[in-house]
Amino acid sequence: MAQTPAGVLVVAKQISDLTSVDPAESFEWSGAEVCGNVYQKLVTTPNNDPAQLTGELAESWAVSDDGRTFTFRMRRGPRFSSGNPVTAEDAAWSLQRAVIMNKSPAFIINQFGFTKDNVAERIRAADPHTLVLRTEEPTAPSFLLFCLSAVVGSVIEKAAATAQARGDDLGNTWLKANTAGSGPYMLRSWRANESIVLEANPHAGRAPATRRIITRHVADPSVQLLGLQRGDFDIARNLLAEQIRQVSQDQRFRLHAQRRASVMYLSLNQKVPQLARPEVRQAIKMAIDYEGIQRGLVPNTYAVNQSFLPQGLPGALTDTPFRQDIDAARALMAQAGLADGFEASFDFTAEAPFLDIAQAIQANLARIGIRLRMNPGDSRQVVSRTRARQHDIAQVQWGSDYFDPNTNAEAFLINTDNSDEARNKTLAWRASWHIPEISARTLAARKEPDAAKRNAMYEELQRVSRESSPFVMLFQLIENSVTRATVTGLDTGPMSDRYRYAGVTKA
């Protein structure tokens with residue numbers, strides 16, 4: 001069997017999604033993973049307890065009585081890969097930069113009232129070791145801190161980035177393919193659709209156990225498996241369910257399964273009169289064989305999840321109250337005056353496993369008289385139709401943008417303007433679900449300063465959604481990494497930037 005080089009970890013992964021490693025711009029899984037190993041943030045969450053906030057570059061923080069001013073004391077000691085110390089000025093500039101550039105992930109920071117016109121005043125370094133943020137409105141501390149733990153909260157070395165700036169791009173052109181962080185690694189090279197090479201940061205506070213991480217773009221899972229078996233790769237990241245089953249029974253390999261903050265669900269458009277009836281919505285939830293589909297079609301890659309919050313996020317419910325009950329579902333259809341059922345179109349992605357799941361759902365709903373006209377397409381077509389509210393029923397997937405429960409609650413439970421010209425076109429808007437009262441409760445949860453009370457509010461909102469929403473929550477994505485048995489110390493988490501290589505060793 002071939003052996004990868006000592007001190008080097010070789011990973012096989014699909015990395016065609018990578019477009020930038022600038023933390024203020026990166027919004028794809030591969031880019032977030034690079035950023036998570038290269039940069040540090042003020043605060044983070046440990047993978048063994050992801051609902052717990054801990055300081056990373058900040059050693060402590062305090063909140064003013066009015067809930068608007070947040071003061072962070074920076075740790076002394078962290079250094080960028082250049083050798084320069086991390087300062088509060090670097091942290092302030094990094095957050096200001098994200099707001100000013102206003103790329104895709106900027107909304108995570110902007111939602112606290114920061115704009116390019118006020119950010120220099122509202123995010124500032126009081127001294128080299130003190131950072132002060134002042135939000136527009138009183139803010140729940142956990143909400144702000146979880147948002148700062150997102151990739152967009154990464155701290156970049158100001159001097160290194162500005163030295164490479166082109167015009168007024170704040171170093172963006174250079175940072176698309178270069179890094180200036182204080183994490184355990186630094187980016188050595190990136191060749192699109194070919195490879196990513198991370199090298200140990202010589203000034204990291206704790207040196208990583210493995211000096212180099214090479215990620216090779218391998219699109220075909222069969223090639224990944226073959227390379228793993230031959231010893232060409234230490235880790236394979238995109239194996240299919242049957243391949244995972246095969247290697248999980250082989251003592252030469254280890255399976256690392258991690259729930260991701262990504263959920264699959266059905267969206268029932270409330271513009272369709274039949275789907276607007278509460279009894280029909282609940283009948284559909286009771287007609288689906290969740291466990292049978294999971295066991296038969298996606299046993300290693302998805303888990304049953306019946307809440308809009310994926311497990312791992314604070315406040316997420318872990319129970320699964322819905323079980324297939326055809327008799328009860330038929331009774332609800334009769335109560336709705338639809339004992340004979342009706343027809344509806346069904347949009348879904350025409351590739352595994354979505355196609356297989358869609359066919360199973362079609363068979364399940366046929367048992368209660370709902371006849372689905374299958375409308376397959378690629379992922380972009382399905383998303384485009386739901387964004388335009390042109391679907392009847394659609395099978396879609398949603399990934400959390402940051403680690404606070406508001407990220408999903410806002411999407412699924414806020415829609416105060418149901419007009420076609422609405423400014424906030426949330427998932428609730430896409431389903432034409434007009435919910436002013438539930439929206440108000442969701443906004444109240446976002447503002448609640450007490451973390452325990454806040455989590456309890458989100459738990460209740462999940463129960464409300466189960467009982468009344470047009471969303472049939474199905475499954476939560478499981479990411480599987482298969483390593484050679486000699487590889488230890490891999491630390492995986494529910495979001496891409498929590499996939500951490502610093503502790504990995506191999507015999």
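The legends below describe close-up views of a predicted model.

**View A. The largest nonpolar core.** This core has 65 residues. Those with the most contacts inside it are Leu42, Phe72, Leu131, Leu133, Leu148 and Phe412. Helix H2, spanning residues 88-101, supplies the largest share of this core, with seven residues.

**View B. The surroundings of Phe72.** Phe72 is one of the residues with the most contacts inside the largest nonpolar core. With neighbours within four places in sequence left aside, the contacts of Phe72 include Leu42, Leu131, Leu133 and Leu148, which are likewise listed among the residues with the most contacts inside that core. Phe72 is also in contact with Ala58, Ser60, Trp61, His129, Thr130 and Leu145.

**View C. Helix H10.** This helix covers residues 278-287. Seven of its ten residues are buried, so H10 is largely enclosed by the rest of the structure. The buried residues are Val280, Arg281, Gln282, Ala283, Ile284, Lys285 and Ala287.

View D. Divided by class, the lining of the second largest pocket has 14 polar, eleven nonpolar and seven charged residues.

**View E. The largest cavity.** The structure holds two cavities of 30 Å³ or more, and the largest cavity contains about 80 Å³ of space. The residues lining the largest cavity are Lys13, Ile15, Ser30, Glu33, Val34, Asn37, Ile196, Leu198, Ile213, Thr215 and Tyr501. Helix H1, strand S9 (195-200) and strand S10 (212-217) each give two or more residues to this lining. The largest share, four residues, comes from H1. Six residues of the lining of the largest cavity are nonpolar, three are polar and two are charged.

**View F. The second largest cavity.** About 70 Å³ is the volume of the second largest cavity. Of the 13 residues that line the second largest cavity, Gln306, Phe322, Arg466, Phe471 and Met473 lie nearest its centre. Helix H18 (451-468) and strand S17 (471-484) are the elements that give two or more residues to this lining. By class, the lining of the second largest cavity comprises six nonpolar, five polar and two charged residues.

**View G. Cys35 and Cys147.** The number of disulfides comes to zero, where a disulfide requires a pair of cysteine sulfur atoms within 2.5 Å. The closest cysteine sulfur to that of Cys35 is in Cys147, at 17 Å, which is too far for a bond. Cys147 is in no disulfide either, as the nearest cysteine sulfur, that of Cys35, is 17 Å away. Both residues are buried: Cys35 has 1% relative accessibility, and Cys147 has 0%.

Terms used: Residues are numbered from 1 along each chain as its sequence is written. This is a predicted model: local features need pLDDT of at least 70, side-chain atom pairs count only at pLDDT 80 or more; totals for chains, interfaces and linings use all residues. Side-chain values use heavy atoms; hydrogens and water are left out. A nonpolar core is a set of buried Ala, Val, Leu, Ile, Met, Phe, Trp, Tyr and Cys residues joined through side-chain atoms within 4.5 Å. Buried means under 20% relative accessible area, exposed over 50%, partly exposed in between (1.4 Å probe, protein chains only). Contact means heavy atoms within 4.5 Å. Ala, Val, Leu, Ile, Met, Phe, Trp, Tyr, Cys and Pro count as nonpolar, Asp, Glu, Lys and Arg as charged, and the others, Gly among them, as polar. On a 1 Å grid over the protein atoms alone, a cavity is a set of points where a 1.4 Å probe fits but cannot get out, and a pocket is an open set with protein on both sides within 12 Å along at least five of seven lines; lining residues have an atom within 4 Å of a point. Grid points are joined across faces, edges and corners, and a volume is the space filled by probe spheres set on the points.
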